[in-house]
Structures are given as C-alpha cells and as structure tokens.
Amino acid sequence: MGTWNTRGLRGSTLEDMINRTNERYLEQNLALIQKIPTPITPVRMDKEHRHITLAYFEQRSTVDYIGAVQGIPVCFDAKECNTDTFPLQNIHEHQIVFMENFEKQGGISFLLIYYTARNQIYYMRFSEAAGFWNRAMKGGRKSFRIEELEPRFFLELKGGCFVPYLDALNLDLEQRDD
C-alpha cells in the first residue's frame, strides 16, 4: 500500500472551512467575504499547456480574505499551527503593516489560527497580534503560547466545518466600544 503525503494539503483544511463558512454567510446576507488570490507568474507549463508545473509569486500577498460584514470592512488571514506554540515567523511584517493600516481606515483586522492537534480555532484580534509582534521586535519571545490567549475568543466549530467567526467579531466590536 502506498503512503499518502499530506504536505501538499497544508493550509487547505482551514481555508476550505472558511470558504464554506463565507458561502453560508453570503447566503444568509450576513457578510460578503472574498478570498484574495496570490498572484503568480507561470514559468513552466506541461506539454498540453493545461497545467502550470513551475511558478513564482509576483509579489507579497496582503491577507487571505477581505470584505464587509453588515457594512463593516474586515480583513483577515488564516494560519495553521500543529503545536501549542505559534511561531511569529508565520506572520509577515507586510501583513502586520497592512492590517494596521486597514484598522486606521476604520476596518477590523484579525487572524484565524487553527490549532490542528486540538481541532480548535482562535480569533486573534489585531491588537493582540500586534502586541505579540511588538514583543518579539523588542527582543522578547518570537512565539506565543496557547495559554497566553483569551479563552473567550476560541471558536467552537459547528457542523464539523463551519467556522463561526462572526460571533468572535461581535465580541471584538463590543470590546472596542467599551
């Protein structure tokens, strides 16, 4: 029996769950969120010119998703982690800068982090991500531990694939109003 290599599917589980969730939110007229494609330049094609066999990224991508929730602009990035410690190298400086500028324009930025070993998803507010980022930039830890996160921002997966991030967004908005 052959072995199954899942390395090529890394990151796709969370994206699939978010894409299904976004479709559901659109059907319910709750949100319009789009996946931002990563721009690539093909270098080599197969003989039939149907498949790209080699390509490179044209530019650094900003975040994975952008859109509006009931008139509020939102942007977020999806990350996966298979341990209880999340390395900050998985968040790029240009993403932090983009999310910070997005917030300055009145939008809401956040990360969805899927802890695969625990099958838990965490909604990380931009202010929290920036705090960890700044700590690392000042010579502190280059990661954060799951114990450092606020328990109320862990999402309960519904139906095995529905990621109810609007619940956490609502909690985020309530906190900002206080």
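Modeller: Happy to! A search of the whole structure finds 13 aromatic pairs; this is a predicted model, in which local features need pLDDT of at least 70 and side-chain atom pairs count only at pLDDT 80 or more, while totals for chains, interfaces and linings use all residues. One of them joins Tyr25 and Tyr165, edge-to-face, with 5.2 Å centre to centre and 80° between the planes. Rings of Phe, Tyr and Trp (its six-membered ring) pair if their centres lie within 6.5 Å; planes under 30 degrees apart are stacked, over 60 edge-to-face, and the rest tilted. Tyr25 sits in helix H1 (residues 12-27) and Tyr165 in helix H4 (residues 165-177), 140 residues apart, which makes this pair a link between distant parts of the chain. Helices (H or I, at least four residues) and strands (E, at least two) are DSSP runs, numbered from the N terminus.

Next, look at Tyr123 and Phe153: they are stacked, 5.8 Å centre to centre with 20° between the planes. Tyr123 is in strand E8 and Phe153 in the loop between strand E9 (143-145) and strand E10 (154-155), so this pair ties together parts 30 residues apart in sequence. Tyr123 and Phe153 are buried too. Ring pairs gather Tyr25, Tyr65, Phe76, Phe110, Tyr123, Phe153, Phe162 and Tyr165 into a cluster.

E8 is largely enclosed by the rest of the structure, because five of its six residues are buried. On one side, strand E7 (residues 108-115) pairs with E8 in the antiparallel sense over six bridges; two strands pair if DSSP finds at least two bridges between them. Leu111 stands opposite Met124 of E8. E7 and E8 form a hairpin with four residues between them, and Asn119 in the turn has a positive phi of about 55°. E8 also runs antiparallel to E10, joined by two bridges, with Ile121 opposite Leu155 in E10.

Arg125 belongs to E8 (residues 120-125) and is buried, at 10% relative accessible area. Leaving out residues up to four places away in sequence, Arg125 touches Ser109, Phe110, Glu150, Phe153, Asp172 and Gln175; contact means heavy atoms within 4.5 Å.

As you check these, remember that residues are numbered from 1 along each chain as its sequence is written, and side-chain values use heavy atoms, with hydrogens and water left out.

Terms used
Buried means under 20% relative accessible area, exposed over 50%, partly exposed in between (1.4 Å probe, protein chains only).
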